[in-house]
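Trainee: I'd like a close look at one part of this protein, namely its inside. Could you take me through it slowly, then out towards the surface?

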Amino acid sequence: MAPGLKRFTDVAGDGTPRLDDAAGEELVCVERAASVALGSRAPEPPGTLFITTRRVIWLSEAEKGRGYAVGFLDITLHAVSRDPEAYPSPCLYTQIEAEADSDEEDGDLDSEADSDSQLPKISEMRIILADAAQLDSLFDAFCHCAELNPDPTAGIDPEFFIPNPIGQNGGDDLSSSVLELQINDQRFEDAEEEEARENGH
C-alpha cells in the first residue's frame, strides 16, 4: 500500500471510525474541535481527531463523510509548534512520508477525484486544537503510539544483512560450508605439527 495521507470514510453509525480489530488497533484518545491544515492550505473547519494505536484519523464535523487518516509508520516527525513566525496558531506539526517527486502546492482538495490523487503527495500536516494547552498531552500520545509502531527497517545494517536462508551460502548448502571449514582446520593442525618439528619439540 502506498504511504502517506489517505482519505478516510470507514465511519460507524455513531460517527466514530471503524478500527482494525483484527490487527489489535485500539483507541488512545479523542480531541474534539480539532482542525487540520494540510500542506500550505488553510485549516479545515473543526472536526474530531482520533488517535489510535496505529493511525491518526480526522473526521469533519461540517461535512459528514469527509476525513483523513495517516499511519504512524508514515509519520516521520512530530513536534509542538508555538512560534507565531512559523505558523499563526499553536499546533502539533507533523511530517509525513509522501510520494516521490510530490508537489503539494498543486491539486484541489475540494474535488474528490483530485483529493484522492493529491493526498499522498502531502508531506506536512498541522493539528490545531481549540485548547492549545492540550498540545503537550497530544504530543505525548503521538510519542506513545510512535513507540508502538517502530520502523520495521530500523536497526538493519545492509552491510551485515545476509539474505540467504540458514543452510545456504551463495548456492552451496550448509554441508559444503562445514566440509570446507573442516579442511581448513586440518590444514591449520598440520602447520602446527610442522612448526613443532622445526623447533625440536
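Mentor: Here's a walk from the overall fold to the core, then to the rings, the cysteines and the charged pairs.

Some ground rules: this is a predicted model, where local features need pLDDT of at least 70 and side-chain atom pairs count only at pLDDT 80 or more, while totals for chains, interfaces and linings use all residues. Residues are numbered from 1 along each chain as its sequence is written, and side-chain values use heavy atoms, with hydrogens and water left out.

Start with the fold: there are three helices and ten strands. Along the sequence the order is β-β-β-β-β-β-β-α-β-α-β-β-α. Take contact to mean heavy atoms within 4.5 Å. Of the contacts with a separation of 6 or more, 57% are between residues 24 or more positions apart.

Now for the inside. Of the 201 residues, 30% count as buried; that label means under 20% relative accessible area, with exposed being over 50% and partly exposed in between (1.4 Å probe, protein chains only). A nonpolar core is then a set of buried Ala, Val, Leu, Ile, Met, Phe, Trp, Tyr and Cys residues joined through side-chain atoms within 4.5 Å. In soluble globular proteins, nonpolar side chains tend to be buried together.

The largest core here has 23 residues, and Leu-5, Val-56, Met-125, Ile-127 and Phe-142 make the most contacts inside it. At least two core residues each come from strands S2 (27-38), S3 (47-52), S4 (55-60), S5 (67-71), S7 and S8 (124-129), and from helix H2. H2 gives the largest share, four residues. To see how the pieces meet, click on Ile-127: ignoring neighbours within four places in sequence, its contacts include Val-36, Leu-49, Val-56, Leu-92, Leu-138 and Phe-142.

Next, the rings. There are two aromatic pairs. Rings of Phe, Tyr and Trp (its six-membered ring) pair if their centres lie within 6.5 Å; planes under 30 degrees apart are stacked, over 60 edge-to-face, and the rest tilted. Trp-58 and Tyr-68 are stacked because their planes are at 10 degrees, with centres 5.8 Å apart. Trp-58 is in strand S4 and Tyr-68 in strand S5, so this pair ties together parts ten residues apart in sequence. Trp-58 is buried at 2% relative accessibility, and Tyr-68 is buried at 2% as well. The rings of Phe-72 and Phe-142 are 5.4 Å apart, centre to centre, with planes at 75 degrees, so they count as edge-to-face. That pair links distant parts of the chain, since Phe-72 is in the loop between S5 and S6 and Phe-142 is in helix H2, 70 residues apart. Phe-72 is buried at 5%, and Phe-142 at 0%.

What about the cysteines? With a disulfide being two cysteine sulfur atoms within 2.5 Å, the whole structure has zero of them. The cysteine sulfur nearest to Cys-29 belongs to Cys-145, 7.1 Å away. For Cys-143, the nearest is also that of Cys-145, at 9.5 Å. Cys-143 is partly exposed at 25%.

Finally, the charges. Side chains of opposite charge can pair when their charged atoms come close. A salt bridge here is a side-chain nitrogen of Lys or Arg within 4 Å of a carboxyl oxygen of Asp or Glu, and the count is seven. One joins Asp-136 and Arg-82 at 3.3 Å, N to O. Those two are 54 residues apart, Asp-136 in helix H2 (135-148) and Arg-82 in the loop between strands S6 (75-81) and S7 (91-96). Asp-136 is partly exposed at 41%, and Arg-82 is partly exposed at 48%. Another bridge, Arg-126 to Glu-124, has its closest N and O atoms 3.9 Å apart. Its Arg-126 is buried at 13%, whereas Glu-124 is partly exposed at 23%.
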